[in-house]
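Biologist: Hi! Could you walk me through this one?

Modeller: Happy to, let's look together.

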Amino acid sequence: MLQPKNSILGRLEIVPPAIFFIFILMETTTPLHNQVVFCDFDGTITAVETFSGMLSHFSPALSAKLMPQMYSRHLSLREGVRRLVESIPSSSYCEILEYSAQQPIREGLAEFLSFLQKQNIPFIIVSGGLRGMIEKVLEVNGLTNLVTDIYALEVETDEQYLKVYSAFEEGTELVAKSEVMKQYVAQETIAIGDSVTDINMSLSADFVFARDRLITYLESEEKSYLVWNDFFDILESFKQKCFFS
Ligand SMILES: [Mg+2]
């Protein structure tokens with residue numbers, strides 16, 4: 001028997017699809033996070049260029065030849081980094097991780113990460129370096145559980161020489177950082193970086209903390225940024241929320 005639309009049962013008939021529609025709308029339009037922080041690793045988390053330092057140490061002759069070509073942009077990072085990493089014998093991988101363990105990190109990182117965790121703000125490391133090196137640095141500094149995720153180069157050590165893999169290889173980059181950012185839905189995205197490899201990530205972000213050469217690049221792109229020196233500076237900005245809209 002058909003129920004008239006103004007009866008209770010008649011109204012209930014239209015409720016389930018309406019709720020379903022609202023649910024779908026929320027799923028597709030509501031950000032999963034209020035803020036997400038995307039952070040470079042080399043020269044940003046570490047106080048020195050760990051990855052290029054490692055390449056110079058373990059592949060000195062080829063580094064001397066290819067690095068100037070990469071800096072002058074005559075050779076893409078995608079091709080140059082792959083050639084360099086894949087020139088290193090797999091037998092050196094443990095030594096590479098030990099090399100990473102000795103690299104100093106910038107002050108205030110533990111305090112900043114603890115703050116983000118309490119605020120439920122994801123902290124994503126996005127790097128063109130080796131994932132194993134990043135994990136080693138986090139491990140020796142007791143920070144592993146404070147980092148939400150890591151996007152970086154994966155290596156295989158089964159063959160005689162290291163083999164490089166990246167799920168975000170695109171254009172001239174082995175790890176296209178702005179593509180990684182698309183994996184997250186947030187009201188506000190925050191980028192932290194120091195160099196040319198952070199330009200696209202910074203241009204895609206709502207707010208940028210820049211140091212070193214990244215400042216010059218962002219000036220030329222007319223992208224606003226906040227200067228930082230160590231993670232205590234960034235923590236202070238988060239506490240004051242001075243950059244949030
Ligand atoms: Mg860097």
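**Strands and helices**

Modeller: Let me start here: strand 1 (residues 33-39) and strand 5 (residues 186-193) run parallel, joined by six bridges. Strands and helices are DSSP runs, numbered from the N terminus, with at least two residues (E) for a strand and at least four (H or I) for a helix. Two strands pair if DSSP finds at least two bridges between them.

Biologist: Before we go on, how is it numbered, and what kind of model is it?

Modeller: Residues are numbered from 1 along each chain as its sequence is written. The model is predicted, so to speak of local features we need pLDDT of at least 70, side-chain atom pairs count only at pLDDT 80 or more, and totals for chains, interfaces and linings use all residues.

Biologist: Thanks! Which residue in strand 5 stands opposite cysteine 39?

Modeller: Isoleucine 192.

Biologist: And what's the strand order in the sheet?

Modeller: Seven strands form an open sheet in the order 4-3-2-1-5-6-7, with mixed pairing. Strand 4 and strand 7 (226-227) are the edge strands, each pairing on one side only.

Biologist: In which sense do strand 2 and strand 3 pair?

Modeller: Parallel, over four bridges, between residues 123-130 and residues 149-156. The chain gets from strand 2 to strand 3 through helix 7 (residues 131-140), in a right-handed β-α-β crossover. Right-handed here means that, with the strands pointing away from the viewer, the path from the first strand over the helix to the second runs clockwise.

Biologist: How do strand 3 and strand 4 run?

Modeller: Antiparallel, with three bridges joining strand 3 to strand 4 (residues 163-165). They form a hairpin with six residues between them, and valine 155 stands opposite valine 164 of strand 4.

Biologist: Switching to helices: which residues of helix 11 are buried?

Modeller: In helix 11 (residues 231-240), they are Phe231, Ile234 and Phe238. Buried means 20 or more other C-beta atoms within 10 Å of a residue's own, exposed means 12 or fewer, and partly exposed is in between, with C-beta atoms placed from the backbone. Seen down the axis of helix 11, the buried residues fall within an arc of 60 degrees, so they line one face of the helix. That arc is taken from the directions from the helix axis to the C-beta atoms.

Biologist: What's exposed on the other side of helix 11?

Modeller: Lys239 and Gln240.

Biologist: And what follows helix 11?

Modeller: Lysine 241, whose phi is positive, near 50 degrees.
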